[in-house]
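Me: I have a chain open in my viewer and would like to learn how to read its features one by one. Could you walk me through it?

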Amino acid sequence: SSSSSSSKNAKRFESTATATMGAAATPAATPAAEAAASYSYSAAPRSNGSPKSLGISITSGMLGRSGGRGRAGQAGGGHGWELCAVFSTLYTYRHIYLRAGLAAFLISFVRRARNMLTPLQGAAHAMRVDVIGLAVAIGYAVDSALFPVVGYLMDTHGRKVAAVPSYLLLALGTLLLAQADTLAWLIVSTVLMGVGNGLSSGLNMTLGADFAPPAPHTGAFMGTWSLLCDAGGALGPLLAGTVLRHSSLHYAAALVAACSTLGGLIMFFSVPETLQRKH
């Protein structure tokens, strides 16, 4: 009887050890997967048109995508899968990207290009470095002062009420910048561009959140939207600098002003108002 009880105890020990080793071999849930499971959706309910928990939505959507890829992505096909996902998102929501996305691309293009053209125009007219810095600082001060005003304007009267004038003021300020040969005119042009840029504060991310689809596509949409905006910001100085190298600052400013005007027209005629007012 003692030998039979010993054999039973041995079998019980083996089964316990096997279960323990199996549990150890199973990977525990990663923080990314837990975060994706806890915060899988973000864009939404919009009572007054402004998205709730936008940061959580973008991060959680991306974490959910990376967690859902599994071991197949880690085996070597992850980058190809992500690239296919970007193109798939672009195609699925092409009607949004070709309108609102193009407008966001153009405003990013103009913003970065004007940052390059302003000091170059001052240097072209032999202005001192501190004088150029003063003009730029005044423009940014006006820009920053409009942040709270624009937030209220977008949430009460609509996105387009602030967006369309911003495109037109940026275009006008850029054209005036090309003619600024004194400090006074340089300051006037930077103030105009500052007002225009200030009116579009937060526009890109607000529109992206407004147009974002529900989960599980929110993260992919917002990631592709941010990529489109960043591409505009990268191409702005590049194309303006290329035109400036082969011609003059007047032509570079005209290019930037034309892109800004085009963005305003797209925003006015093609992009629907996304503010949802309470009735």
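Reply: Let us go from the overall layout to single residues. This is a predicted model, in which local features need pLDDT of at least 70, side-chain atom pairs count only at pLDDT 80 or more, and totals for chains, interfaces and linings use all residues. Residues are numbered from 1 along each chain as its sequence is written, and side-chain values use heavy atoms, with hydrogens and water left out.

Me: Happy with that. How many helices and strands does the chain have?

Reply: Helices (H or I, at least four residues) and strands (E, at least two) are DSSP runs, numbered from the N terminus. Here there are 11 helices and zero strands.

Me: What percentage of the residues is buried?

Reply: Buried means under 20% relative accessible area, exposed means over 50%, and partly exposed lies in between (1.4 Å probe, protein chains only). Of the 279 residues in this chain, 37% are buried.

Me: And which residues touch the most other members of the largest nonpolar core?

Reply: A nonpolar core is a set of buried Ala, Val, Leu, Ile, Met, Phe, Trp, Tyr and Cys residues joined through side-chain atoms within 4.5 Å. The largest one has 47 residues, and those touching the most other members are Ile 96, Tyr 167, Leu 203, Phe 211, Phe 221, Trp 225 and Met 267. Helices that each supply at least two residues of this core include α4, α7, α10 and α11. The largest share comes from α4, with 12 residues.

Me: Which residues is Leu 203 in contact with, leaving aside its neighbours within four places in sequence?

Reply: Contact means heavy atoms within 4.5 Å. By that rule, Leu 203 meets Met 154, Ala 163, Tyr 167 and Met 267, once neighbours within four places in sequence are left aside. For the chain, residues 24 or more positions apart account for 80% of the contacts with a separation of 6 or more.

Me: Now the rings. How many aromatic pairs does the structure hold?

Reply: Rings of Phe, Tyr and Trp (its six-membered ring) pair if their centres lie within 6.5 Å; planes under 30 degrees apart count as stacked, over 60 as edge-to-face and the rest as tilted. The structure holds five aromatic pairs. In one of them, the ring centres of Tyr 97 and Trp 225 are 6.3 Å apart and the planes are at 35 degrees, so this pair is tilted. Tyr 97 lies in helix α4 (residues 94–124) and Trp 225 in helix α10 (residues 218–246), so the pair ties together parts that are 128 residues apart in sequence. Both Tyr 97 and Trp 225 are buried. Ring pairs also link Tyr 93, Tyr 97, Phe 221 and Trp 225 into a cluster.

Me: How are the rings of Phe 268 and Phe 269 arranged, stacked or edge-to-face?

Reply: Their centres are 4.8 Å apart and their planes at 85 degrees, so the pair of Phe 268 and Phe 269 is edge-to-face. Phe 268 is partly exposed, with a relative accessible area of 49%, while Phe 269 is exposed at 63%.

Me: Where does the charged end of Arg 94 sit?

Reply: A charge sits over a ring if NZ of Lys or CZ of Arg is within 6 Å of the ring centre and within 35 degrees of the ring normal. The charged end of Arg 94 sits over the ring of Tyr 91, 4.2 Å from its centre. Likewise, the charged end of Arg 114 sits over the ring of Tyr 140, at 5.3 Å from the ring centre.

Me: Last topic, the backbone. Which peptide bond is cis?

Reply: Most residues other than glycine have a negative phi, and most peptide bonds are trans. The bond from Ala 215 to Pro 216 is cis, with omega near 10 degrees, and Pro 216 is found in the loop between α9 and α10. Ala 126 has a positive phi, near 60 degrees, and lies in the loop between α4 and α5.
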